[in-house]
Amino acid sequence: MSFRTTTAALLIGSALVLTACSGDGNASDQDETNQSMDENQTDTSKDMNEENSSEDNSGEGMNADDGSKEDAGDKSGERDSDTSSENEDIQQQDYNSPEEAAAQIEGYEKIDQTNIDLGHGIKGLQGGAAGHEYLYWNEGRWLIKVNFPTDPQYKIDGYDGAEDMAKKVVDYLEKNYLPAPDKGVITINGFKEHPETVVKWQKGKTVYTITSKEKEPFVALKTAVESS
């Protein structure tokens, strides 16, 4: 009787131990399942965040590209607006008033007294001093001045003197028209060592200047004619 009781007790204890072990195993499995689900959820959340981050960065890149294109367009527009068709041989200077611009045309005058006929109804004033031969005349609101050496060895080739050059200039301007200025001066230097022609005129608030070191004055005169 005592043996049966002991055996029964052992059986019951074993059952309890098995049950407890089974419960612990289930709990352990449940914990592992929960941990696995948590890890999967974390990985999924991480992947989604990375995808969102990638999309955000992609969007920022597109905006940056758009901005670059807009900036490039703006800069292109600025270059276009700076484009100028002004003749490179003509210097242009603007002033605050027509009076200030007119003051830059030095030496301008009206020739009232004349002593030489240059043809085409144009008369001039001829004179000389200290190895220089001068000849001045007006055409419209232009004053034209020729300065030649009296010594032939210093003269530019192709001209006998101031009168010869002046007549050829008058002939040229009879068929080729200078711009109509408010005031203008043309100075021609006929010295071989340093020939120069300067055409300078004022129109409103602007002064235009053409300077040529060529021995022929017609290089500068042609530039002025073509600008009119």
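## Basis of the model

Because the model is predicted, local features need pLDDT of at least 70 and side-chain atom pairs count only at pLDDT 80 or more, whereas totals for chains, interfaces and linings use all residues. Residues are numbered from 1 along each chain as its sequence is written, and side-chain values use heavy atoms, with hydrogens and water left out.

## Overall composition

The protein holds four helices and eight strands, where helices (H or I, at least four residues) and strands (E, at least two) are DSSP runs numbered from the N terminus. Along the sequence these elements follow the pattern α-β-α-β-β-β-β-α-β-β-β-α.

Of the 228 residues, 26% count as buried; buried means under 20% relative accessible area, exposed over 50%, and partly exposed in between, with a 1.4 Å probe and protein chains only. The protein exposes about 15,200 Å², of which carbon and sulfur atoms supply 48%; accessible areas come from the Shrake-Rupley method with a 1.4 Å probe, and for residues only the protein chains shown count as cover. Among contacts (heavy atoms within 4.5 Å) with a separation of 6 or more, 54% are between residues 24 or more positions apart.

## The sheet

The eight strands form an open sheet of mixed pairing, in the order S1-S8-S7-S6-S5-S4-S3-S2; two strands pair if DSSP finds at least two bridges between them. Strand S1 (91–94) and strand S2 (116–119) stand at the edges with a single partner strand each, so one side of each is left without a neighbour in the sheet. With direction ignored, neighbouring strands are turned by 20° against each other on average.

Strand S3 (residues 122–129) and strand S4 (residues 132–139) run antiparallel and are joined by six bridges, with Gly124 standing opposite Trp137 in S4. S5 and S6 instead pair in the parallel sense over six bridges, and here Trp142 stands opposite Gly184 in S6. The chain crosses from S5 through H3 to S6 in a left-handed β-α-β crossover; a crossover is right-handed if, with the strands pointing away from the viewer, the path from the first strand over the helix to the second runs clockwise.

S6 is mostly covered, since five of its seven residues are buried. A hairpin joins S6 to S7 through six residues, and the two strands pair in the antiparallel sense over seven bridges, with Gln202 in S7 as the bridge partner of Lys183.

Axes are lines fitted to C-alpha atoms, for helices over the stretch in contact, and angles run from 0 to 180 degrees between N-to-C directions.

H4 lies across S6, S7 and S8, running at about 25° to S7. The buried residues of helix H4 (residues 218–227) are Ala220, Leu221, Thr223, Ala224 and Val225, and their cover includes helix H3 (162–175), strand S6 (183–189), strand S7 (196–203) and strand S8 (206–212).

## Two loop residues with positive phi

His120, in the loop between S2 and S3, has a positive phi of about 60° although it is not a glycine, and with a relative accessible area of 46% His120 is partly exposed. Ala130, found in the loop between S3 and S4, is likewise not a glycine and has a positive phi of about 50°; at 79% relative accessibility, Ala130 counts as exposed.
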